[in-house]
Structures are given as C-alpha cells and as structure tokens.
Amino acid sequence: MPIRVYNTLTQTKEPLQTVVPGKVGMYVCGPTVYSKSHIGHMVGPVIFDTIKRFLVHSGYDVTWVVNITDVDDKLIVQANAEGTTVKELAERVTADYQACLDALGVTGIDHMPRATEHIEEIIGITQGLIDKGYAYPAGGDVYFDVSKAAEYGKLSHRNPEELQAGARIEPTEKKKHPGDFALWKASKPGEPAWESPWGPGRPGWHIECSAMSMKLLGEHFDIHGGGLDLVFPHHENEVVQSECYSGKPFASYWLHNGLLTNKGRKISKSDPDTVVLMADLLHQYEPDTLRTLLLSSHYRRPIDFSPGRLDEVERGLRAFRSLFDRFERMTGRSFYDLDAPTSRAEGDRLAAGELPPEVADHRARFLEAMDDDFNTGGALGELFELVRALNRFADAERLDARKGDPAAIAPWVAGMTILRELSRLLGLFLRPPARSEPDAGGLTGPLIELLIELRAQARKDRNFALADQIRDRLAGLGIRLEDRPDGTGWKIEG
RNA sequence: GGCGCCGUAGCCAAGUGGUAAGGCAGCGGAUUGCAAAUCCGUUAUUCCCCGGUUCGAAUCCGGGCGGCGCCUCCA
C-alpha cells in the first residue's frame, strides 16, 4: 500500500511520488519571531515531525526545513516597544520556539534557515522576476505583478478578478493592481536595511520562503506544509513567485494542518484572549499529553483546545504508563530505553515472529492508517488496542509470576517492542514523564518506601484502618499506591 | 459576496459504498481485606435534516440547516 497524501493543490488524495526516488524534501513555514510561542505554533511542527518519522521509517531519506522569519514589520514594532533591537528580539523568541520544539520531541528538523541570512538569494530572485517581467520596482519597493501570472490563484482556488472585487487590500498608489504584493520594501530611517539595486530595504513577507526552500531543497521539491491560514495569501504568493522565477513546478504536494481553536475561536496572536503560551502549558502538562492531543484527530481538522480536553487525554495515557511500569517490573529494564525496529522492514520481521495474539494485526492497521494521509487519530486507536492486547496476554499467561523466565515472557517482550516501534513513530513516550521521578537524591523515595513498609505491617496485623489511612493520606499528597501480588508499588500523580 | 473545511454516543474521535475502531465519563462483573491498576461485559438499530442513485449509503448526488477558517497580520 503506497503512502497517499491529500494535496491542497489538487484537492484530492494522491500517491506519494517523490522528485528523486527514495528521497523527500519537505519545507514547513515556521514562525515570525516577534512573540513567544503559543500552542497553535506547535501543531505544524508536531504533525510534520510525525510525518517525517513515518517517512523515514518507511525507507525515505527525508530533509526537513523549517524557516525562521526574523525580519518583518511586526518585529520592528515589537523591538521598538521593548526598547531592544530586532536582532535581540528575534534571537530570544527563536530560542523560546526551539525550547518548545525540544520539549515536544520535535527533533527531526534538519535546517532552520533565517531570512536575514538569505538576503542575497532574496535579491537574486527579486531581480530575476524583474528581468522576466513578472515584477516591477516602484519608489524603492518591488512588487510582483499578479496580472502577469496566468496561474495565480491555483493553490487557494480563487480567481484573481473575484479576489480584487471583494478585496480589502490596502490601497497603495505604488502598486499597479491591488493584488500585487511586495517582494522588497524600502526602509525608513532607523529600520533594519540591506543594500539592494532598488536602494536600502528589506524583504517582503513571502519571498524568504521561496529563497530558502529552493536553496536548501532545490527548485522543485516534494512537500510544502503549513497552517491552513497560510494558504492565502502566503502560499499562493510563494508558489507563483517561485514558479515564475524558476520556470519549474515548485512543491509537488501542499499539506495544510488545521488550526487550533480556544473558546470556539482560532488561537491567534491578534486575538489575545485565545492565546495559550507553550511555556505555561509545559509547566502543567506532560509533553506527551500535549502531543497526543495534537495527534488525536486527523491533521486537517481543527482541534478545540481546552484544559478539560488535556485532562482527558492525560487520563487516557495512564494506561500506557501502567503498562510501562509492568514492563519494568517484568524485565528490570525501562520501556523508555527499549530498542525497537527503526524501519518498516525490520519491524515486519519482528511482527512475523512469535507475538501475543492481535499484536501483528494492530501493527498492520496502524501502518495502514498512517499510509492513508497520516491518519494519526486512527493510528492512536490501534495503539490503545495494542495496550489492551498486551495486558490481556500478560494476565492470561500470568506472566507477572513468571518474570524470572525469559523464555516465557519473550513473546510479550516482542509485543512491547512493537509498541515501542509504533509509539516512537508518533513521537510519544520518548522520555519518562518528569513528574513520576522523585527528587533526585532527595528523601521522597525512601520515605514513601518506609510508609509502605509500615502499611504492610499494619495489613499483616489486619489493622486495615491504619493501612487505609496511610494510603489515603499519601493519595492526598498525589502519591498512589498499588498493591500487587509481588508487593506494593507507588506512583506520583499530577 | 467569493473560496474552503466540518457536523458520527454525554464529551473527544476513526471509518468515505457492504452493515458503526478507539479514548474520556457512566454502569455491571472478575480480581482485592477495601481500593488502585488490569481484564471481561455494557452504553449510537444508527451517523445534522430532507430527497435521490444503489441489491445495499454515515460513506455517492441534489437541496436545506448549523459551526468554523481564509479573502488583512497569523502555525
């Protein structure tokens, strides 16, 4: 079953056929770095990180580029308001963005080019478009002439006449047509500026993505991604200027992720009520919880964000944590350190061996879902089924009592290895949750062990009132006790 | 006004022509001293509404209704 992707350009699902067999070039629009990242900024990175993981696992050699737009009117305004420089602001916000990506396990980005480091390429493309008659200089600015490009509107499926009729585009006397957009903007005194054939200025908004994607991935590459809100005008402009410049098709497939809403409205910097900062969320929730929410439905669908939803997701993830604890008790090894197949072929070999019932089926269905336009919601469902199949097998075979017998638990461990393979494809459970670890070198662990010992004695004496008091008081402190045949375990909960 | 997305149980959600995955919440059972965790069972005769095509539709077509996004900076 080949991988199929929904292409905004054709509005259909198409089999993935790459420019160079076995290789994928993927470009995703990153942030304009003038304010801290909110949860909405993470949707694209998490989705495309997952897509990259899946493509790599499927045998592709993937190069993934996410740009940083570090020069723009908004940066100038914000830097002035803060009394700092555009450069300092951009660096600070970029560092915050990077920290959020790291926290969510978005590790697959190969290049993060900055607009300000590609001024030369931007000027080159702009000049090239002027030379070919697609752009014109006007009073220090340079505009793309939309009327010269017959295909303008093909990505967002609009026609330019209607566009102009209903347009609320700011009238600028320098533009020939209201739909024309700036490739280069003349700078005012005191603003960041670069020398150019048209005088000192800075790039327009869309040109940097054309310059950086074509430089790093070639003039024709495979996947271009971004939020649905970027389809028009950003991506429409990007595709038209790139193709007019190179004379080649730009990106083969355009993938757009749905937007996050809060209280029913799109989360957006221009609607401050809706903004939920990543930095705050990361203090309240496990990264896996945030990531699971973002992957819980198909990537084109909008997701309504709320703390209640996150709590639900977190409760759902407990089943995984409990299973991982079981694995650790059984094998003495952490699930988080478990090596798993890193390719589909390797996983297929493991799946062909001895496994608990249903495990191979769920794996097959998981991969099928991912093949079909990266259906992470369906894949996640299979992961939950896998957890159940593994617990069921361990229960039925009474594996907890046979943990000293490697041969007996081997099929189950193989099943766990499949779970590791698949959950890693979604970028989940890469690291143990921070909160379940007692303070390193602190007294918490030993003190809890002491209380468990005292409670065990009370239970032996059939003093259940005291035993339950210990358990309830610990629960009040967020520490949950679990009595199992082989002893009492404990867990710190949120 | 134009372009696009969406409407599946109390909530979230997969499924896009063959008789409704999964998660949360709830209920019943196994297990337990009681719990927790785990397992089993259960919760939509039905997929916004109305018509049509078909042996057969949540899935295709037509028409409504409702929600959202874009057309201006946005991931």
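Mentor: The model is predicted, with local features needing pLDDT of at least 70 and side-chain atom pairs counting only at pLDDT 80 or more, while totals for chains, interfaces and linings use all residues. Residues are numbered from 1 along each chain as its sequence is written, and side-chain values use heavy atoms, without hydrogens and water.

Trainee: What makes β3 and β9 a pair?

Mentor: Two strands pair if DSSP finds at least two bridges between them, strands being DSSP runs of E with at least two residues and helices runs of H or I with at least four, numbered from the N terminus. Three bridges join β3 (residues 23-28) to β9 (residues 221-227), so the two strands pair. Tyr27 stands opposite His224 in β9.

Trainee: Why are β4 and β10 called edge strands?

Mentor: The open sheet has the order β4-β3-β9-β10, with parallel pairing. β4 (61-66) and β10 (251-257) each pair on one side only.

Trainee: Which strands does helix α1 touch?

Mentor: Helix α1 (residues 40-57) touches β3, β4, β9 and β10, where contact means heavy atoms within 4.5 Å. Its direction makes about 165° with that of β4; axes are lines fitted to C-alpha atoms, for helices over the stretch in contact, and angles run from 0 to 180 degrees between N-to-C directions.

Trainee: Why is Ser37 called buried?

Mentor: Its relative accessible area is 4%. Buried means under 20%, exposed over 50%, partly exposed in between (1.4 Å probe, protein chains only), so Ser37 counts as buried. Ser37 is in the loop between β3 and α1, and among the residues that it touches are Asp96 and Leu277.

Terms used. Chains are lettered from A and ligands numbered from 1 in the order in which they are written. Lists of a residue's contacts leave out its neighbours within four places in sequence.
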